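Subject: Structure for your review

Dear colleague,

Please find below the structure I am handing over to you.

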Amino acid sequence: MYSTLPFNFLGIDTHNSFEESKVVILPVPYDSTASFRAGTREAPLAIINASRQVELYDEELETEIYDKVGIHTFNEVMPNMEGPKYESEMIRRVFLDVLEAEKFPVMIGGEHSLTIGAARAIKDFYPEISVLQLDAHTDLREEYENTQYSHACVMRRIYDEGIKIAQVGIRNSSKEEAKFIKANNIFSVTARQYRYGYYGVEEIVDALTDTVYVTIDMDVFDPSEVPAVGTPEPGGLSWYEILDILREVTFHKRIIGFDLVELCPIPGNPASDFLAAKLIYKLIGYCFRGEF
Ligand SMILES: [Mn+2]
């Protein structure tokens with residue numbers, strides 16, 4: 001005897017159709033501009049694989065989240081080989097379709113440049129959107145390695161759209177980026193400032209508009225918890241610190257979608273993949289808990 005689980009996020013065989021789901025998972029296996037360890041294109045598959053081991057009952061929210069909201073998994077979005085500019089335009093159109101259908105998009109990257117397309121689509125629907133970025137890097141470069149669409153430029157492109165941004169977990173920034181942050185008064189909190197209490201969740205909430213998109217670069221976590229990233233920076237935030245931020249922000253703001261990017265799976269070491277899968281499920285639960 002053997003049993004099979006459907007190959008979707010969580011391996012669920014009910015509450016998974018597009019029609020009955022509020023949440024749509026968008027796996028985007030794309031990396032082209034990674035600067036250190038490549039391989040984020042492997043992440044969507046690894047995370048979906050790991051998600052099939054995630055317990056459906058959430059011990060904190062005391063419910064089976066999927067059963068309340070419905071979670072539909074899209075087929076992988078085929079990469080556009082013309083380059084990250086074209087890829088982000090394609091992601092913009094995918095997001096427009098999902099938002100048009102009044103669904104809640106959850107993108108699994110892939111590299112961080114994908115978020116440019118997501119933010120542009122979201123701004124069409126929600127002009128007053130702000131973006132909460134959990135990341136080790138500021139990603140505010142004007143250009144990197146001859147492209148304005150590098151993972152290192154993602155937040156600069158989003159800022160250029162006139163979208164308010166707030167970043168937390170930072171511990172790596174170029175001199176130019178640091179200047180840009182000061183000159184434009186951008187809310188940018190380092191991991192150290194957060195860990196030692198110079199800034200708390202309250203300030204993060206205050207820095208955002210009422211409608212928020214969240215982008216999680218997995219290198220925001222400490223490499224002891226998430227070693228599987230392209231650029232493992234020491235001194236990252238912990239599972240519980242990240243959950244505290246997300247719990248509070250979702251409590252006070254309306255989240256209209258999120259992405260999780262830059263996981264770079266290490267074969268034979270599924271801990272990071274599993275953490276990513278569980279984080280996605282938790283955050284879906286936080287975003288919808290008011291409706292349970
Ligand atoms: Mn990033």
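In this predicted model, Glu62 sits in the loop between strand S2 (57-58) and strand S3 (63-64). Its phi is near 55 degrees, a positive value in a residue other than glycine. Glu62 counts as exposed because its relative accessibility is 60%, above the 50% cut-off.

Glu102 also has a positive phi, of about 60 degrees, although it is not a glycine. This residue lies in the loop between helix H3 (84-100) and S5, and it is exposed, with a relative accessible area of 72%. For context, most residues other than glycine have a negative phi, and most peptide bonds are trans.

A cis peptide bond is found between Gly109 and Gly110, with omega about 15 degrees. Gly110 belongs to the loop between S5 and H4.

I would next draw your attention to the metal site. The manganese ion has four protein donors, His112 (ND1), Asp135 (OD), Asp139 (OD) and Asp217 (OD), at 2.1 to 2.3 Å from it. Along the chain, these donors follow the spacing H-x22-D-x3-D-x77-D. Two of them, His112 and Asp135, link distant parts of the chain, 23 residues apart: His112 is in the loop between strand S5 (104-109) and helix H4 (114-125), and Asp135 is in the loop between strand S6 (129-134) and helix H5 (154-160). Both His112 and Asp135 are buried.

Finally, helix H10 comprises residues 271-288. From its first C-alpha to its last, H10 reaches 26 Å, close to the 26 Å expected for its 18 residues. The helix is mostly covered, with 15 of its 18 residues buried.

With kind regards

Methods:
Residues numbered from 1 in each chain as written. Predicted model: local features only at pLDDT ≥ 70, side-chain atom pairs only at ≥ 80, totals over all residues. Heavy atoms only, no water. Donors = N, O, S within 2.8 Å, 3.2 Å for Na, K, Ca; no water. Helix = DSSP H or I, 4+ residues; strand = E, 2+ residues; numbered from the N terminus. Buried < 20%, exposed > 50% of the residue type's maximum accessible area, 1.4 Å probe, protein only. Expected span 1.5 Å × (residues − 1).
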